[in-house]
Amino acid sequence: MHCTRKITEELLWVGGNDRRLAMFEGVYSVPRGVSYNSYLLLDEKTVLFDTVDRSVAKVFLENVAYGLGGRSLDFLVVQHMEPDHTAALMEILSRHPQAKLVCTAKTAAMIGQFFGEDVTARAVLAKEGSRLETGRRSLVFHMAPMVHWPEVMVTFDETEGILFSADAFGVFGAINGAIFDDEVDFERDYLDEARRYYANIVGKYGSFVQSLMDRVCGGQIRLICPLHGFVLRKEIGLMAEKYRRWSAYEPEETGVMIAYASVYGNTENAAEILSCRLRELGLRTVMFDVSVTPASEIVAAAFKWSHLVFASTTYNTGIFITMEELLRDIAAHGLKNRTAAFIENGSWAPASGRLMKEILEPLSGFKVLPETVSIKSALKPGQLGEIEALARAIRDDAESAPRA
Ligand code: FEO
């Protein structure tokens, strides 16, 4: 049975929710599920914006048929070719043989790659600033390469002030019957997921996000319709400011994220003591055990906080496995402009401090504090002064060169 939400008198949400998926893209945990959004515009011409993942394709096809109500589909706009939005693309084209496909040239080529079909004969190729008139509306297309694939574009309905933003402004989590951000407590319940989505999916491509924001966000935007999560109408200002900050790699908060890898609890103990000293100096702290917290959450926290501490035991003469994965993930996402500090542990040859530093020091705008604390098996009473010195160095850095 169809399951849709009305967004405006002539715009329907025709997507679906998947709450069974464990790992989005095989790597990002989604304990609260994920939505795959598609939108059906019922102007004098009918326009479908993107399709969905295969997991919700059945209800999606029912939704589109219901939404069309016997009308034919005139245009399928494919803004992003990734399969979580295109699993039903060929089925839609097959069911609506008269429909034109609107997409970038790269998308048309990728459709051939993914589905082995040449769709160029029915494609209307969009370029920066090109338009589609649908009757009462004028849609303008903006290229959004590397937000976060090269073929991406977004669509602005100039008449209604609606931005169809592809993956940008997306959020992890099923939307559970709500469609608008003001039907939930978005800032309290979904901002962390919006950050985790941005940092992990789009975070590497900040300059491309900024270019898109400059071109699109000057317009009068009344609604933002992303491909995952809620339609934004209340929190457009909040999210535009967050995207500006995230894409510039500016921390949102002054404070310390401590991530630790500890086999027998001694590295964790040193991290806990550091967190206590930082709190006593007035700094906020968050702590993550990298062995149990998904890396995507810690990457998102690294985008949020100004100061980052990594504490790791030495393992097989290197960095502990999960910590090394985390640090390489942070480096791969191109995080910039943070102050980092390290605690290393090793019962016979501590090396993790130097090795962790080697991964993060080359990152643009990263400042590494020299006060690495080195532990042999467990922190000794005589080393408490070293932890206190590290805490003071972090506090002094936060006060002398605030990053947030
Ligand atoms: Fe939601 Fe980049 O696909």
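Helix α6 (residues 206-216) supplies four residues to the lining of the largest cavity, the largest share. Helices here are DSSP runs of H or I with at least four residues, strands are runs of E with at least two, and both are numbered from the N terminus. Before going on: this is a predicted model, in which local features need pLDDT of at least 70, side-chain atom pairs count only at pLDDT 80 or more, and totals for chains, interfaces and linings use all residues. Residues are numbered from 1 along each chain as its sequence is written, and side-chain values use heavy atoms, with hydrogens and water left out.

Back to the cavity. A cavity is a set of points, on a 1 Å grid over the protein atoms alone, where a 1.4 Å probe fits but cannot get out; lining residues have an atom within 4 Å of a point. Points are joined across faces, edges and corners, and volume is the space filled by probe spheres set on them. The whole structure has one cavity of 30 Å³ or more, and the largest has a volume of about 70 Å³. Eleven residues line the largest cavity, with Leu163, Ala168, Phe169, Leu212 and Met213 closest to its centre. By class, the lining has ten nonpolar residues, one polar and no charged. Nonpolar means Ala, Val, Leu, Ile, Met, Phe, Trp, Tyr, Cys and Pro; charged means Asp, Glu, Lys and Arg; the others, Gly among them, are polar.

Next, helix packing. The axes of α5 (residues 191-202) and α7 (residues 236-247) come within 11 Å and cross at roughly 40°. Axes are lines fitted to C-alpha atoms, for helices over the stretch in contact, with angles from 0 to 180 degrees between N-to-C directions. In α5, Leu191, Ala194, Arg195 and Tyr198 meet Met239, Lys242, Tyr243, Trp246 and Ser247 of α7, contact being heavy atoms within 4.5 Å. That contact divides into six nonpolar residues, one polar and two charged.

The salt bridges number 32, each a side-chain nitrogen of Lys or Arg within 4 Å of a carboxyl oxygen of Asp or Glu. Arg5 and Glu183 form one, at 2.9 Å, N to O. Arg5 is in strand β1 and Glu183 in the loop between β15 and α4, 178 residues apart.

Last, the backbone. The peptide bond from Val147 to His148 is cis, with omega near 10°.

Methods: 1 Å grid on protein atoms, 1.4 Å probe; cavity = no way out; pocket = protein on both sides within 12 Å on 5 of 7 lines; lining within 4 Å.
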